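This report goes through the strand and helix arrangement of one model. The sequence and the structure come before the details.

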Amino acid sequence: MRTLDLHATPTTASAAAAIVAGMTTTTSSAIRVEGLTKSYGGRVAVDSLSFDLPRGVVAGFIGPNGAGKTTTMAMLLGLVEPSAGTGEVLGTPLAQPSTYVPQVGALIEGPALYPGLTGAENLQVLAAMGGKDKANIPELLELVGLADRGGDRFGQYSLGMKQRLGIAGAMLGEPELLILDEPTNGLDPIGMREIRELIARVATEQRTVLVSSHLLTEIEQVCDWLVVIERGTSVYAGPAGEFLGGAEPTVSVAPERPADLATLARLFAADGREVDITPDRLLVAVGDGDARTVAAQLNRVAHEHGIVLAELGQRHRNLEDRYLNVVQGGIR
Amino acid sequence: MTAIVVTPETRAPVPARPGGGLARSFRAEWIKLTRRRMLTGTLLALTVIAAGGTAIGITAARDTAPGGRVQSPDQPTTIAALDHAGGGTALFSQTMGFMQAFLLAVLVGAVAAEFTRGTFRTMLLQQPNRARVFGGKIAAIVAFMAVAVLLGEIVSWLTSWAMAPSQGVDTTRWITLDGLQAGAEDFARAIAYVVGTAVLASMVGILARSIPIGVGVALVWAGPIENIIGDSWSPGPKVFPGLLMRAVINPGSTPVSTGQALLTLTGYCIVAAAIAVIALRRRDVTS
């Protein structure tokens, strides 16, 4: 079984699609940071963060609240000065945001626009500030589903509409790199799906997207690359498929008594199995064996230790399972 | 395994329009200032203020006092002063003097709001040079106010001219070359007053990054502190920026000459701009 080292950070990034195809690739990075750190007094918000994001991928940036995602994005955009570390965005050092920011579209910490101006006027202001063509503003409003509300004041928009307008603003000038901080905040399920489709569409244009979200199912559906951070430090950066263990099946095991979950995890791990702990079950990698055989062995181990299983079945890992296992320090 | 070099076909970003960051920031602010609602509101407000201030001033004008310019913004002008060539725009300058605290509060609020609303952050995502973002904004506001001041001066002159006969003011000297020159001088004084107020207000707004704190500090300083201390401390009119600006807009209202006031204010503005730029560059944009 292939064991994933969650603490390793790839130093040579490659396009995820190419990796899937089994090719060795050499591309320049859209984002590369090394030892990026931000301290506020004695509090370290981002701690020696390192990752490498190839061009052309849609990357999910995930981590618990307060993990340092927004601060990292703010450092990438020149809003916050790093306390230490180096990095590049689109091949330009972080210290020169004036050079690369014009090629980056971003939405960070929510959409902040002028409440007295209409949606279209706000986009005109942004276009003027960035020296970008305002001719495609109607097209952008159409793209984010605000074509018929572009003439309404921003202050009258719902949170979801504000979010959409913020995304439209980020897409002005067809940027090479999109950095979106929680773009689905405030959106209803339909809105979320639209944003997901929008990101997927951007991905087909070979632009790079870095998107943070708490909604792991959203991330899972749209991202082919992942950067996972916890307490300001990278715990994984690489292809999403690798983080999830590819299509490798697992056996889902739920004891009758939830208190037995940790004991069961230790027993399976001691038996040499890779185990992910979720709040209510264990996901045990099948590896080279047969799922039915592994399930039987697990059942036997549990039975030998007097633990009754309430559930035993085959299941594929999803991002939430893997993420919770990583950030909650599960057993591998 | 074959090693293949993959160069993704990244879309070339649409090139930015020509023009420096300052010019782009100016254009962005100009879009906000020249939208129809803003223009209508400004036109309405300046008509009410200019016409109302002038009407009150001319109604309250006394018929006995030494001639010359308006003595103080809080004292009624005289019929003799209004008889002079510059009488047509004298009440406009007096009204501008009254507007000092209001103007300061509006400008501090406009700057601080960029931080409280987070729009400064949004603008930096389009134009990362912080000093240029603010420089262009302030330049656009000053340009807009210059137009507003000119219109206000015209409204004030027309109001004075219409009401002058009721107070027995002789307007024949208003429509002379001297009258035009006096009007131009009053306009130049008003512009210097606006520029000084805008630069100082920007510094306060940038340092405060909060509308209530910024406006509160500005009003307390420009109101009670400058006026109370300025009345009892003889160097006050020479050093307090608000009193120096009053000397510019209402010459003769303080013992300080216009030249001396302008020189000192220029120094203050250079220091204030430097402090604002340093604060903008050094502080993280976290809101």
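Which residue in strand 2 of chain A does Val33(A) stand opposite? Val33(A) stands opposite Phe51(A).

## Basis of the model

This is a predicted model, in which local features need pLDDT of at least 70 and side-chain atom pairs count only at pLDDT 80 or more, while totals for chains, interfaces and linings use all residues. Residues are numbered from 1 along each chain as its sequence is written, and chains are lettered from A and ligands numbered from 1 in the order in which they are written.

## Domains of chain A

Chain A has two parts: domain 1 covers 16-244 and domain 2 covers 249-316. These bounds come from an automatic or database domain assignment. The C-alpha centres of domain 1 of chain A and domain 2 of chain A are 38 Å apart.

## The four-stranded sheet

An open sheet in chain A contains four strands in the order 2-1-4-5, with antiparallel pairing. Its edge strands, each pairing on one side only, are strand 2 (43-54) and strand 5 (92-93) of chain A. Strands (E, at least two residues) and helices (H or I, at least four residues) are DSSP runs, numbered from the N terminus; two strands pair if DSSP finds at least two bridges between them.

Strand 1 (residues 29-40) of chain A pairs with strand 2 of chain A over eight bridges in the antiparallel sense. Helix 2 (residues 69-76) of chain A packs on this sheet, where it touches strand 1, strand 2 and strand 4 (84-89) of chain A. The direction of helix 2 of chain A makes about 115° with that of strand 1 of chain A. Contact here means that C-beta atoms, placed from the backbone, lie within 7 Å. Axes are lines fitted to C-alpha atoms, for helices over the stretch in contact, and angles run from 0 to 180 degrees between N-to-C directions.

Strand 1 of chain A is also joined to strand 4 of chain A, by five antiparallel bridges. In strand 4 of chain A, Val33(A) has Gly87(A) opposite. Strand 4 and strand 5 of chain A pair antiparallel over two bridges, and Glu88(A) has Pro93(A) as its bridge partner in strand 5 of chain A. The hairpin of these two strands has two residues between the strands, and Leu90(A) takes a positive phi near 50° there.

## The six-stranded sheet

A second open sheet in chain A has six strands in the order 6-7-8-3-9-10, with mixed pairing. Strand 6 (104-107) and strand 10 (233-239) of chain A are the edge strands. On average, neighbouring strands of this sheet are turned by 10° against each other, direction ignored.

Strand 3 (residues 58-62) and strand 9 (residues 225-230) of chain A pair in the parallel sense over four bridges, with Gly60(A) opposite Leu226(A). Helix 12 (residues 319-327) of chain A packs on the sheet and touches strand 3, strand 9 and strand 10 of chain A. Its direction makes about 30° with that of strand 9 of chain A.

## A helix pair in chain B

In chain B, the axes of helix 8 (residues 177-208) and helix 11 (residues 241-249) come within 8 Å and cross at roughly 165°. Helix 8 of chain B is therefore roughly antiparallel to helix 11 of chain B, a term for angles over 145 degrees.

Terms used:
Contact = placed C-beta atoms within 7 Å. Parallel < 35°, antiparallel > 145°, perpendicular 65-115°, else oblique.
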